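This briefing walks through one protein model, topic by topic. Please keep the sequence and the 3D view open while reading.

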Amino acid sequence: MRKHFLWPLGLAVACIGTFASPVSVRAQADGARPPLTLEAAFDRALSRSPALSAAAKEVEAQQAAVRQAGVRPNPSLSATVEDTRPETRTSTLTLDIPLEMGGKRAARLGAAERAVGVASAELDNLRAELRARTIGAFFGVLVAQQGVELAAGSVSLAERAADAVSKRVAAGKVSPVEATRARVDVANARLERDEAAAELQNARVRLATVMGEDAPDFDAVRGETAAPLRPALPELMAQLESSPQLRVGRLEAERRRALIEVERSKAQPDLTLSLGGKRDAAAGRSQAVIGFSIPLPLFDRNQGAILEASRRAAKADDELQAARLSLLAELQEASGRLSLARASLRTLEDAVLPAALEAYEAAGQGFDAGKFGFLEVIDAQRSLLQARSRALNTLAAAFQAAAAIDRITGR
């Protein structure tokens, strides 16, 4: 009886070290759609993400702005007629050519080119964030699949235990109360199985959303679920300056400083050169017309706009420093969570899970020998299943921490 009673749990814990995905294997055996891999999930997310598409269009828009910033101002043609009588009419035709002074065009181009850099950096940042979100959602599904398998094994185990207790009750070896407890345990196991199935469906929907899909277009995922490994914190801190988020902040600060030069160039008035001719019908002669005009900067020297641009540039520097400190704190926290998760997994796999399995086997043997009651078996069973569940949750926490590190460092 003991072998029939224990083999489902032994089967459930046989894959503790590898965390393989029976769901994906069964999907292939049933002829369903092939399981989704992490690389395929990346490809879908990159090709279907509306946020990435919008960011790419912003880059193109800023490139068009650079083209526009390099265009010189158009000349204007003006004509005047004095007197409407042909014999005394005087007609003047001039071409007014604006000449930008103070390096306005170069300043515009510099600011526009930096805006392209900002848009490109934001695109890279969104791509890194999408990658991190895809990793987190993908392994969320993978862990949820393991949760479903664990819950199914728990139901099978509880049902077999209840069947064994019923036979012992019928033989008069144990109290009928033990059978009631066994049925309660079966009901609880089935509820946990239903909850695990619901969580798996929610995880699949989250992954589909990250990939830009309305509904999951896959049956299962397949991937290596060994605990992720990232460099030590000092090395991660050295990589922080290459973070896409900090790159966006640095380029934005440069763009704000370039805008100061744009505003300063506007303080220099532009010269308008006029070239043309004048025809005097009464005198019967034509005359060249040459002139220029320039605004006098007596009141408006663009001083307010220059000050505004200077303050915004200083604000961008402060925001960059604040972002650096915030990312540093996030990186330290994520690295600590990953280290803790890896250490916890080692303890669970090397000590807790084997000890829990050994305790359960001993309780099962004692129950078969009539030395232990069913309550001791149930307690041992729950301890083992809780340890297995904790291992899965710890693995999920490790992947979430690794995804956060990847998002910050732009891996």
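**Sheet, helices and salt bridges**

Asp280 has Arg285 as its bridge partner in β4. The model is a predicted one, and this pair belongs to a hairpin formed by β3 and β4, with four residues between the two strands.

- Four strands make up an open sheet, and their order is β1-β2-β3-β4.
- The pairing in this sheet is antiparallel.
- Which strands stand at the edges? They are β1, residues 76-82, and β4, residues 285-293.
- Each of these edge strands has a single partner strand, so one side of each is left without a neighbour in the sheet.
- From one strand to the next, the twist averages 20°.
- In a regular strand, side chains alternate between the two faces of the sheet.

- β1 pairs with strand β2, residues 90-99, in the antiparallel sense over seven bridges.
- In that pair, Leu77 stands opposite Leu95 in β2.
- β2 also pairs with β3 in the antiparallel sense, here over ten bridges.
- Strand β3, residues 271-280, pairs with β4 in the antiparallel sense over nine bridges.
- Ser274 stands opposite Gly291 in β4.
- In the turn of the β3-β4 hairpin, Gly284 has a positive phi of about 70°.

**Thr94, a residue in β2**

- Thr94 has its place in strand β2.
- Is Thr94 buried or exposed? Its relative accessible area is 12%, which is under the 20% cut-off, so Thr94 counts as buried.
- The side chain of Thr94 makes a polar contact with the side chain of Ser78, at 2.6 Å.

- Helix α5 has 67 residues, and the distance from its first C-alpha to its last is 98 Å.
- That span is close to the 99 Å expected for α5 at 1.5 Å a residue.
- Just after α5, Gly172 takes a positive phi of about 75°.
- Helix α9 covers residues 303-368, which makes 66 residues.
- From its first C-alpha to its last, α9 reaches 92 Å, close to the 98 Å expected at 1.5 Å a residue.
- Where is the kink in α9 centred? It is centred on Leu348, and the kink is about 45°.
- An α-helix has 3.6 residues a turn, so residues three or four places apart point the same way.

**Salt bridges**

- How many salt bridges does the structure hold? There are 23.
- Side chains of opposite charge can pair when their charged atoms come close.
- One of the salt bridges joins Glu159 and Arg190, whose closest N and O atoms are 2.9 Å apart.
- This pair links distant parts of the chain, since Glu159 is in helix α5 (residues 104-170) and Arg190 is in helix α6 (residues 176-210), 31 residues apart.
- Glu159 is partly exposed at 33% relative accessibility, and Arg190 is also partly exposed, at 37%.
- Arg206 forms a salt bridge with Glu199, with the closest N and O atoms 2.8 Å apart.
- Arg206 has a relative accessible area of 44% and is partly exposed; Glu199, with 37%, is partly exposed as well.
- Arg250 and Glu241 meet through their side chains in a salt bridge of 3.3 Å, N to O.
- Arg250 is partly exposed with a relative accessible area of 27%, and Glu241 is partly exposed at 38%.
- Elsewhere, salt bridges that share partners join Arg44, Arg48 and Glu213 into one network.

Methods. Residues numbered from 1 in each chain as written. Predicted model: local features only at pLDDT ≥ 70, side-chain atom pairs only at ≥ 80, totals over all residues. Heavy atoms only, no water. Salt bridge = Lys/Arg side-chain N within 4 Å of Asp/Glu carboxyl O. Buried < 20%, exposed > 50% of the residue type's maximum accessible area, 1.4 Å probe, protein only. Pairing = 2+ DSSP bridges. Axes fitted to C-alpha atoms, helices over the stretch in contact; angles between N-to-C directions. Expected span 1.5 Å × (residues − 1). Bend = angle between axes of the 7 residues up to and from the residue. Polar contact = N/O pair within 3.5 Å; in protein donor to acceptor, adjacent residues only side chain to side chain.
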